[in-house]
Amino acid sequence: MDFFLQLLVNGISLGFLYSLSALGFVMIFKSSSVLNFAHGELLAIGAFMFLVLSLWANLPIVLAFALTLIGSFTLGFIIERFFLRPLIGEALIQVIMLTLGISYMFKGLLLFVFGGDIHDFPDFLPEGLALKWGAVELPSVYVATFIIGIIFLIIFGFFFKYSSQGIYMRSVADNQPAALSLGVNVRRVFAFSWAIAALVAAMSGIVLGIVKGINVHELSSIGLKVFPVVILGGLDSIGGAILGGLIIGLLETFTGGYVSTSLREIIPFIVLVLILMVRPYGLFGLVEIERV
Amino acid sequence: MGNNIRLLINNISVVYSDVIQVLKGVSLTIKKGQVVSLLGSNGAGKTTTLKAISGLLKPENGKVTEGSIEYDGEQVQNSSPEQITRKGIIQVLEGRQEFKYLTVEENLRVGTATRWGKSFQKDLELVYSYFPALLARKKSLAGYCSGGELQMLVIGRALMAHPRLLLLDEPSLGLAPLLVKEIFRIIRRINQEQGTTLMVVEQNANMALQIAHHGYVMENGKIVMESNAEDLRENPDVKEFYLGTAASGALKSYKEVKAYKRRKRWL
């Protein structure tokens, strides 16, 4: 029983990380229908930015974290401005190929600068954060993830629900011609969604780095794992991305715990194939409002 | 001439995808504070004319290749929709184009996009005073509203942008006759109370000519007739082809072959 509970807790923690990683991906898809293949690299860049600022530049952790978020927000803007904007109006497939190109470019740059080794963050989280119920343990890094992640989710929820810019972003995702006719600055909306996506990616990259160690290959492969998560949840659903992440996280840990650790990495993709066969629009995809 | 003219379209041609010519030399004038109706059958180029004004041709790969569009004395042809909406020209698209997954009030708030960050509470109250039906539904998703409510919603949404020239594309489309009357009454009130200049594209020529000061008739990408609204209502050709009654006032008969010849003269 303790083993089961521990797996459950681990699964939910891991799943929550996947959810956060998938959020930025969904945001870009929702506003501009672009599948961002460079998402894993955005995660990796965030983690390395934090590594440089906290360990090499020796800044206080909180400052390094804030600077990383600001830096990746800016990076998102820059990617949109210099790479994607010239392609507005071109076929979607070209834009998607472009993100694939960006992903290899970033990966190459990271490997060039940092090499393929695993880098470690110093232990900076207070031990007191860890939770313990009987034999079940939740390490401090996961507790921190939950706290930071939930704060971000609440901030984003408010941003999209109540702020004008958030409402403009949703209007573009909903009906782009109508948004254009009302003068919504569509380019600014795209830029914002890339910036926010990069910011969330950096955040989850940092946490994943703490958990698994910072390695270019490891982190950028998370970009691929985002696909089962979002396809399970429905590509255009934020809530679905969160649920999808939790489900994949649980599946992975339970497969690892009860079946075989070598199956662990494959199971999300088996699920991906099965889901696509049964429900091509995902389990929680947007319910289309049809007018009869 | 000069400062009482809001919009002056001078002999424009519009081409889609560099090959398909839709407008062939359209000219029209809209005076400040007027309601101008643009009538015509399907495919005459009415919507294209509106999109040429509002800049929405661009996303559809269309372009004004000749002529000029002057708004308050400034040339605006081929500007982007963002620039044009910020000058005060707002188009209400055909077929209601609401934001399905936004609530009614959020839909209205998108109308403030041209003046991001300014307060909008007064404007919401104004829209709700014109369309009380929207107030009752402000928290429900637009996707679940009725056709009449949606038409009110998209006109209200455009009002939120403080338009100086409001372009309405087929506001009567698919609505019950009573609702059409109601909508047109509100359009007239907006024109009179807010002083908004309006251009209304319609198939329902009867309604459109009742609220308009001036009317234009389009066929095949050209303006074939223009006059003040009363004269158009009395014109025998317009009566027959657009108001659905023959010159005598009786319902039009299918057998009147002569109509074909008269119609042809316009093309």
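Reader: Let's start with Asn61(B): is it buried or exposed?

Author: The idea is to count neighbours: a residue is buried if 20 or more other C-beta atoms lie within 10 Å of its own, exposed if 12 or fewer, and partly exposed in between, with C-beta atoms placed from the backbone. Asn61(B) counts as exposed because it has 12 C-beta neighbours inside 10 Å. Bear in mind that this is a predicted model, where local features need pLDDT of at least 70, side-chain atom pairs count only at pLDDT 80 or more, and totals for chains, interfaces and linings use all residues. Residues are numbered from 1 along each chain as its sequence is written, while chains are lettered from A and ligands numbered from 1 in the order in which they are written.

Reader: Where does Asn61(B) sit?

Author: Helices (H or I, at least four residues) and strands (E, at least two) are DSSP runs, numbered from the N terminus. Asn61(B) belongs to the loop between α1 and β4 (62–71) of chain B. Its phi is positive, about 65°, although Asn61(B) is not a glycine.

Reader: What about His162(B), buried or partly exposed?

Author: His162(B) has 16 other C-beta atoms within 10 Å, so it is partly exposed. You'll find His162(B) in the loop between α6 (147–159) and β7 of chain B. Here, too, phi is positive in a residue other than glycine, near 50°.

Reader: On to the sheet. How do strands pair?

Author: Strands of a sheet pair through backbone hydrogen bonds, either parallel or antiparallel. Two strands count as paired if DSSP finds at least two bridges between them. In chain B, six strands make an open sheet with mixed pairing, in the order β6-β7-β8-β3-β9-β10. At its edges are β6 (89–92) and β10 (222–228) of chain B, each pairing on one side only.

Reader: Which strand does β3 of chain B pair with in the parallel sense over five bridges?

Author: That's β8 (residues 197–202) of chain B; β3 covers residues 35–40. To spot one bridge, look at Ser37(B), whose partner in β8(B) is Val200(B).

Reader: And how many residues does each chain bring to the contact between B and A?

Author: Two residues are in contact if their C-beta atoms, placed from the backbone, lie within 7 Å. Chain B brings 27 residues and chain A brings 17. On the side of chain B that touches chain A, α2 (81–86), β6 and α3 (104–110) of chain B each supply at least two residues. The most come from α2(B), with four residues.
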